[in-house]
Each structure stands twice: as C-alpha cells, then as structure tokens.
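Please look over the chain shown here before reading the report on its fold and local geometry.

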Amino acid sequence: MSDGPDFSLADVAREGLIERPGTGPAVHDGSGRVDLAFTVHTLAEDGAAVPPTQRGVRVPPGVTVFDAASWNGIAIDSTCGGHGTCHKCKVRVEGGDVPVTRHDVRTFSGEQIADGWRLGCLVQATRDLTVEVPPLTTRPKAATVGIGRQVILRPALQKRYVELAEATLADQRSDLVRLTDAIADLELTADLHVLRRLATVLREADHKVTAVILDEALIDVEAGDTTAARYAIAFDLGTTTVVGTLLDVGTGTPLAVTSMLNKQQPFGGDVITRISATMMDPEALGRLQDLAGATLADLAGQVCREAGIDPGQVYEVAVAGNATMTALALGIDPEPLGVAPFVMSTTQPPSVLASEIGLTLHPRARAYFFPALGAYVGGDIVAGMLATGMDRDKRTRLFIDVGTNCEIVLSDGETILSTAAPAGPAFEGGAIRCGMRAADGAIEVIKLDAHALDEAPAVTLGVIGDVEPRGLCGSGLVDAVAELVRVGLLDATGRLVPDEAAKEIAPALADRMSRIGEERIFLLHRPGPETEPAECVYLSQRDVRELQFAKAAISTGWTLLLDQLGLEHRDVQQVLLAGSFGSYLSPASAIRIGLVPKLPVLRIVAAGNVAGEGAKMALLSVRERAGALALLEEVTYVELSDRTDFNDKFVEQLSF
C-alpha cells in the first residue's frame with residue numbers, strides 16, 4: 001500500500017459513527033473501565049409489563065452501549081448489525097451529556113432527545129452510564145451477532161406442525177410415510193428413537209404433531225404444536241473459561257448467558273500441561289473428557305434454569321474450542337498436538353450426539369464442533385474469524401486472541417494469513433509473583449501520577465469487585481508496565497531505574513521502589529505503612545521480564561505476517577483484540593508496550609467473545625457453517641518456528 005495521510009477509523013467504519021463536526025463522542029485515551037447499569041424492560045406473553053431486570057456490566061471505554069449489551073446477553077432490538085441504519089436499537093441514557101448524532105435526530109423528537117433517548121449502537125461509553133432498555137417491539141427475524149455482522153436466520157433446527165389423516169383400509173401408508181409425505185419439501189430420514197415413539201405419539205395426539213428436524217434428519221415427533229420451542233446452546237470452550245449462551249433459534253434472541261472456569265484446571269492452566277498429563281497417565285484422558293463434559297453440562301443447566309427452559313427442548317449445541325480442548329471433549333488422544341510436527345487427528349470433527357459429550361438435553365440433541373486450521377489455530381479462532389468477517393472486509397485488519405497461546409490473523413482484504421505465538425501464562429496472571437485470575441480483588445486498572453501533589457493519589461487502582469486488592473490480573477499487569485514506561489521508571493530494556501534516578505524522574509512514586517531480597521520491585525498496594533514488601537501487592541523485575549517475553553512473541557508474530565504481505569504498521573486499519581483478556585485490555589497500554597502496532601487508539605477494538613459469537617452464528621445459519629468450512633481453504637497458516645528470521649525479530653521486539 002502507498003504512503004498517505006493518517007485517517008480516523010470512524011471514517012471507514014460504521015456509517016453511523018461518521019459524525020458532524022462538534023457532535024462526536026468524547027475523546028478517550030483507551031484506558032480504564034466504565035460501568036453500565038442496564039434496566040431491561042420485558043413483556044409477558046400476553047403483552048403485560050413485568051418487573052424490569054437490573055444488570056451491571058463493566059467494559060473498556062469507547063465500547064458502544066449496543067455491543068456492551070450484546071456481549072452480556074442483553075437483547076436490544078436491531079436488524080442492521082449496529083450500523084446505525086435500522087434505527088431500532090432505541091435506549092434511554094443517563095449519566096452525562098451524551099452526543100447527538102444525525103441518526104438520532106432522524107429517529108427521535110426533540111423532547112425524546114432531551115430526555116436521553118439515543119440509538120444504542122452510536123453511544124460510545126466514555127463514562128459511567130445508566131441505560132434503560134425498552135421491551136422488544138418486534139420478534140426480529142434477523143439476529144445480530146459479533147461485531148457488525150448480521151445473520152439471516154436459516155437454522156439447521158426446524159419444527160413443522162402437521163395434522164395428519166388417520167390410516168384406513170384404503171390408505172395403509174406407514175406412520176413414517178404419512179408424516180414424511182406431509183413434509184414433502186424435505187427428504188427426511190428417521191432413526192430408531194423416532195420409530196419407537198412415532199406410533200404412540202401420533203395416536204395419543206390425535207395425529208396432530210410437530211416434527212423436530214435437524215438438517216433433514218427427523219429426530220423426534222412431539223404431541224401438539226411445539227413450534228415455538230426451538231432452543232440451542234452456543235459454547236465457547238476455553239482453556240481457562242467456558243461460556244454458554246442459550247438461544248431461541250426461531251428469533252435469534254439470546255435468552256441467557258453464563259460462564260465458569262473450565263473444570264480441567266487441576267490438570268494445568270494451559271494446553272501443554274493437559275496434553276502432558278495424558279501422556280504420563282493413561283487414565284487422564286478419560287478424566288479430562290469427563291471434566292469437559294461436566295463443565296458444559298453445568299453451564300447448560302444454569303442457562304436453562306435462568307431462562308426457565310426445559311433442557312429437553314434444547315436440540316442442538318455448537319462448540320468453539322481450540323484443537324486441544326476439542327480433542328479432550330471428544331475423547332481423542334491429544335498427544336500428537338503436543339509434539340512436532342503437531343498433527344491433528346482431523347481438522348473437521350464430526351457432529352455427535354450431545355449425550356456423548358456429557359450433556360443431558362433432548363435425547364437426540366446434536367453437538368456441532370467448529371473446524372480448525374491447525375494444531376494451534378483451532379475452531380475458536382475459525383469461529384472468531386467468522387464472527388468478525390475477516391474474509392468479507394476489504395480493509396487491512398489484524399485479529400489477535402491474546403492468551404497462553406496467542407492466535408494471530410492478518411487480512412489485507414485479499415489474502416488471509418494466520419499464525420500462533422507461544423505467549424506463556426503471563427496474561428492469565430501465571431508466573432507473576434502477585435498474579436491471579438480476573439476475579440474479585442484483582443487489580444485490573446492502574447494509573448500513576450509521577451508528580452502528585454498534596455493529597456492527590458500517586459497510584460490509582462481499579463480493583464474488580466471494589467474490594468481490597470489481593471493480586472494482579474493480566475490487564476493490570478499490562479497497565480502497570482505501560483504506566484511505569486510512561487512515567488520513566490521502566491527503561492526501554494525493561495529494567496527498573498535506580499532509586500536515585502527514580503527520585504528525580506517521579507518523586508511522588510520513588511518511595512514505592514523497594515526490594516525483596518536482591519530483586520527490585522514496585523509497590524502497587526500496601527495495606528499499612530509498616531507492612532513488609534513481601535506482604536504487599538507488587539510488580540517485580542521478573543514479572544516485567546515475563547511480560548516482555550510474552551509481548552515479544554506476539555508482536556513478532558504479527559510483524560512477520562505484515563512482512564509477508566509487504567505491509568507496515570501504519571497500513572493496519574483495525575486491530576481486533578479478541579477473547580476475555582483482549583476485551584478488558586487497555587488499548588492505550590497495549591500500544592505503549594508494543595503488544596499491538598503503534599496506531600491511533602480508536603483503531604484498536606475490543607472484539608469481545610467472538611468465539612462464542614461465531615458459535616451462535618453456526619446455530620442460527622447453515623450458511624455460516626458453510627462459511628466456516630470455506631475459511632479452511634481461504635486462510636494460509638504460517639509456522640513461525642520455520643522462519644529463519646524469527647529469533648532476530650523476537651530480540652527486536654523485546655524493548656518497550
């Protein structure tokens with residue numbers, strides 16, 4: 001691409017974000033968090049109002065209200081995918097002077113605008129807000145999922161209500177033929193489960209029944225008209241966290257969403273340790289498979305209870321997981337994934353009965369697993385690419401799923417490359433002296449003031465749960481290092497500056513420089529003035545090195561992909577930070593330490609749980625499943641260990 005002037009991402013992104021001069025959202029620096037308090041109104045089946053529900057969510061600044069709601073299973077009406085063109089995502093916002101866009105002016109009266117009504121996809125959360133969500137006025141036939149992606153509903157799961165004529169001596173067609181003749185547009189096949197039930201259900205229901213169909217497989221016959229009950233569950237089967245979302249596939253609406261730690265954690269926090277466990281203990285594979293199933297089953301039970309749905313009315317699930325998690329869930333030996341040349345048993349796992357992976361849903365419910373590109377770019381990344389439209393957008397976009405194994409995808413609008421970088425456990429809080437998972441008590445946001453005066457705090461901490469700090473999670477680690485680099489207490493090589501230099505550079509912070517033994521540390525939180533440094537929450541010199549190696553591995557990965565396409569940093573028009581960690585990572589901090597290309601902060605987008613979004617898309621549209629398979633042919637995998645220039649690039653990327 002030729003050199004040219006820089007431009008704002010808004011000029012090439014959603015139409016609705018192109019604002020008139022002076023009406024755009026408040027500029028933010030990409031750091032910190034904002035709290036959104038949602039009041040969600042719903043209507044009963046008879047149209048009567050029911051008590052509203054209250055939901056609080058915490059998101060990075062700049063995320064739209066619509067996206068924040070979508071990520072957390074809060075349904076806001078929309079058919080355009082959040083582009084500001086359908087004018088349906090109406091919400092009432094309180095919490096400050098919210099900018100008015102030209103689309104708001106077209107949608108609302110002057111009184112409504114004065115009362116805080118806005119289009120949710122055009123409100124960027126740059127401060128804490130209270131958001132009122134009105135009841136859905138329609139049952140949308142298009143489900144909005146992912147970032148700017150719209151799915152036309154065409155699910156594999158169908159229900160057909162039929163009223164059949166009874167058999168007579170003149171019409172002795174079998175029960176199955178009688179049913180399949182009534183659904184002539186499909187070539188239905190039936191298994192033994194259906195045949196065992198068919199005769200009884202038909203006669204008890206006076207031949208008025210509902211056929212339950214997956215693709216063209218007849219999986220059940222239910223008495224009466226049950227066409228309104230069509231449910232499925234989308235799973236993001238992560239190494240650390242598993243997310244489940246219950247969907248009404250008739251409308252595309254998410255009914256409940258929840259998450260929990262993967263029950264496989266006792267076998268290790270990353271895929272390599274779990275693979276090693278199966279290599280050392282012949283019984284470990286069976287236990288890991290059982291734990292994966294137990295995790296999925298617990299989540300399925302939770303979302304069904306939350307939505308008041310009978311699990312027997314859930315007919316399909318979709319699972320997006322990395323290659324190791326998929327293999328373990330299916331009981332496939334993962335050993336070949338952990339040793340060179342890193343070969344998968346198959347890139348296209350078969351669909352199986354949900355009961356075979358430990359789920360107690362409809363007896364013939366089916367589990368669909370996403371295909372994978374390779375041993376370390378698995379089905380979760382294929383699902384993420386599907387959700388973000390990496391194969392549809394003509395812009396140059398960089399997709400990064402930050403974790404123990406960091407997957408990277410680069411597209412210039414024509415060619416798509418992917419790779420994986422071994423980042424290590426630092427971003428999960430592993431190998432960090434005061435590291436912990438993102439739970440209550442974890443420091444997730446850090447701000448330093450090198451010259452704080454009087455009573456102004458020199459260190460401001462954002463703590464999950466607003467409780468006493470207990471440790472440092474991944475986003476807090478990145479913030480801590482980025483802030484120390486910004487104020488000058490950490491030099492470009494990653495070394496904490498000497499105490500004498502600290503007093504000159506940052507007098508308000510110099511007293512936080514300390515030692516534990518021979519190792520230098522920076523105190524983040526001291527419970528009391530006499531508390532020993534070892535009892536405090538701190539960042540050590542070794543912690544900085546752990547982050548350096550992790551970020552160097554990642555930045556080397558995307559640098560080599562850029563080189564392969566002949567691109568430079570400034571050519572990247574959008575960076576998508578995927579996954580739970582990416583969603584809560586400060587874009588400003590990520591840029592400052594070199595984790596992502598040095599770009600305007602608004603080009604860095606928190607993409608959310610795109611693996612889960614892709615799983616939802618697979619349940620809502622068979623076309624999207626075909627699109628996932630097509631990605632296997634369109635994406636080229638780049639093996640970093642084969643690159644002769646990897647080590648040189650890695651060393652270059654170590655500095656801050």
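The report below goes from the whole chain to single residues.

## Basis of the model

This is a predicted model, in which local features need pLDDT of at least 70 and side-chain atom pairs count only at pLDDT 80 or more, while totals for chains, interfaces and linings use all residues. Residues are numbered from 1 along each chain as its sequence is written, and side-chain values use heavy atoms, with hydrogens and water left out.

## The chain as a whole

The secondary structure comes to 18 helices and 29 strands, where helices (H or I, at least four residues) and strands (E, at least two) are DSSP runs numbered from the N terminus. Of the 656 residues, 57% count as buried; buried means under 20% relative accessible area, exposed over 50%, and partly exposed in between (1.4 Å probe, protein chains only).

Among contacts (heavy atoms within 4.5 Å) with a separation of 6 or more, 68% are between residues 24 or more positions apart. The chain exposes about 26900 Å², of which carbon and sulfur atoms supply 51%; accessible areas come from the Shrake-Rupley method with a 1.4 Å probe, and for residues only the protein chains shown count as cover.

## Helices 4 and 5

The axes of helix 4 (residues 175-182) and helix 5 (residues 192-204) come within 10 Å and cross at roughly 75°, which makes helix 4 roughly perpendicular to helix 5. Axes are lines fitted to C-alpha atoms, for helices over the stretch in contact, with angles running from 0 to 180 degrees between N-to-C directions; roughly perpendicular covers 65 to 115 degrees. On the helix 4 side, Asp175, Leu176 and Leu179 meet Leu195, Leu198, Ala199, Leu202 and Arg203 of helix 5.

## Backbone exceptions

Most residues other than glycine have a negative phi, and most peptide bonds are trans. His207, in the loop between helix 5 and strand 10 (208-214), has a positive phi near 65° and is buried at 7% relative accessibility. Asp215, in the loop between strand 10 and strand 11 (217-223), has a positive phi near 55°, but is partly exposed, with a relative accessible area of 36%.

A cis peptide bond, with omega about 10°, joins Ala340 and Pro341; Pro341 is placed in the loop between helix 9 (335-338) and strand 16 (352-353).

Met280, which lies in helix 6 (residues 271-280), is exposed, with a relative accessible area of 71%.

Note on methods
Angles under 35 degrees count as roughly parallel, over 145 as roughly antiparallel, 65 to 115 as roughly perpendicular and the rest as oblique.
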